[in-house]
Amino acid sequence: HVDLVESGGGLVQAGGSLTLSCVASGTIFDRDAMGWYRQAPGKQRELVATITSEGTTNYADSVKGRSTISRDNAKDAVYLHMNSLNPDDTAVYYCRAEEPAWGGGTLDFWGQGIQVTVSS
């Protein structure tokens, strides 16, 4: 059973920064691709950033240049640091793990989500 626990959210003023953390358990973390997604009220869940097991990163255009995703395999953790926050970043942020499945493909696991609110 894979668990993903997010932390680090909350209320932030526009222009500020924050770091979200996600700690995984029940998986061989260093084999997993990890990602951060977000869902704003009334909108679909969208990709924010991903990082492969090898450390290759990918960012949504909306956060590129002001966000960094990183991982610490020794701590089974993935992080998302965001700068220059604006009200459009307000959303519930979710951590996702893609675990390689025996026989091919991947299994997806999601955290419960954590609220980030950016005040103007």
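Me: In which loop is Arg31 found?

Reply: Arg31 is found in the loop between β3 and β4, the latter covering residues 33–39. Bear in mind that this is a predicted model.

Me: Is Arg31 buried, exposed or partly exposed?

Reply: Read the relative accessible area against the cut-offs. Buried is under 20%, exposed is over 50%, and partly exposed lies in between. Arg31 has a relative accessible area of 35%, so Arg31 is partly exposed.

Me: Which residues does Arg31 contact, leaving aside its neighbours within four places in sequence?

Reply: Two partners come up: Ser53 and Pro100.

Me: How far apart are the C-alpha atoms of Arg31 and Lys75?

Reply: Their separation is 13 Å. Along the chain, Arg31 and Lys75 are 44 residues apart.

Me: Let's step back to the fold. How many helices and strands are there in the protein chain?

Reply: Count the elements, then read their order. The protein chain has zero helices and eleven strands. From the N terminus on, the order is β-β-β-β-β-β-β-β-β-β-β. The radius of gyration is 14 Å, close to the 14 Å that the globule rule gives for 120 residues, so the chain is as compact as a globular protein of that length.

Me: What does the C-alpha trace span along its principal axes?

Reply: The spans are about 50 × 25 × 25 Å.

Me: And what share of the residues counts as buried?

Reply: Of the 120 residues, 39% count as buried. The surface is a separate reading: the protein chain exposes about 6,300 Å². Carbon and sulfur atoms supply 49% of that area.

Me: What share of the contacts joins residues at least 24 apart?

Reply: Take the contacts between residues at least 6 apart in sequence. Of these, 54% join residues at least 24 apart.

Me: Now the charges. How many are positive and how many negative?

Reply: The protein chain has 9 positive and 14 negative charges. Their mean positions are 5 Å apart.

Me: How many salt bridges does the rule count?

Reply: Start with the general idea. Side chains of opposite charge can pair when their charged atoms come close. Here the count comes to six salt bridges.

Me: Which residues does the network of salt bridges link?

Reply: Arg38, Glu46, Arg66 and Asp89 are linked in that network. Look at one pair inside it. Asp89 and Arg66 form a salt bridge, with their closest N and O atoms 2.7 Å apart. This pair links distant parts of the chain, 23 residues apart. Asp89 lies in the loop between β8 (77–82) and β9 (91–100). Arg66 lies in the loop between β6 (57–59) and β7 (67–72). Both Asp89 and Arg66 are buried.

Me: Are Asp61 and Lys64 buried or exposed?

Reply: Asp61 and Lys64 are both exposed. Their side chains meet in a salt bridge, at 3.2 Å from N to O.

Me: What N to O distance do Arg96 and Glu98 show?

Reply: The distance is 3.7 Å, and their side chains meet in a salt bridge. Arg96, at 15% relative accessibility, counts as buried. Glu98 has a relative accessible area of 24%, so Glu98 is partly exposed.

Methods
Residues are numbered from 1 along each chain as its sequence is written. This is a predicted model: local features need pLDDT of at least 70, side-chain atom pairs count only at pLDDT 80 or more; totals for chains, interfaces and linings use all residues. Side-chain values use heavy atoms; hydrogens and water are left out. Helices (H or I, at least four residues) and strands (E, at least two) are DSSP runs, numbered from the N terminus. The radius of gyration is taken over C-alpha atoms; the globule rule is 2.2 Å times the number of residues to the power 0.38. Buried means under 20% relative accessible area, exposed over 50%, partly exposed in between (1.4 Å probe, protein chains only). Contact means heavy atoms within 4.5 Å. Accessible areas come from the Shrake-Rupley method with a 1.4 Å probe; for residues, only the protein chains shown count as cover. Lys and Arg count as positive and Asp and Glu as negative; His and the chain ends are not counted. The place of a charge is taken as NZ of Lys, CZ of Arg, CG of Asp or CD of Glu. A salt bridge is a side-chain nitrogen of Lys or Arg within 4 Å of a carboxyl oxygen of Asp or Glu.
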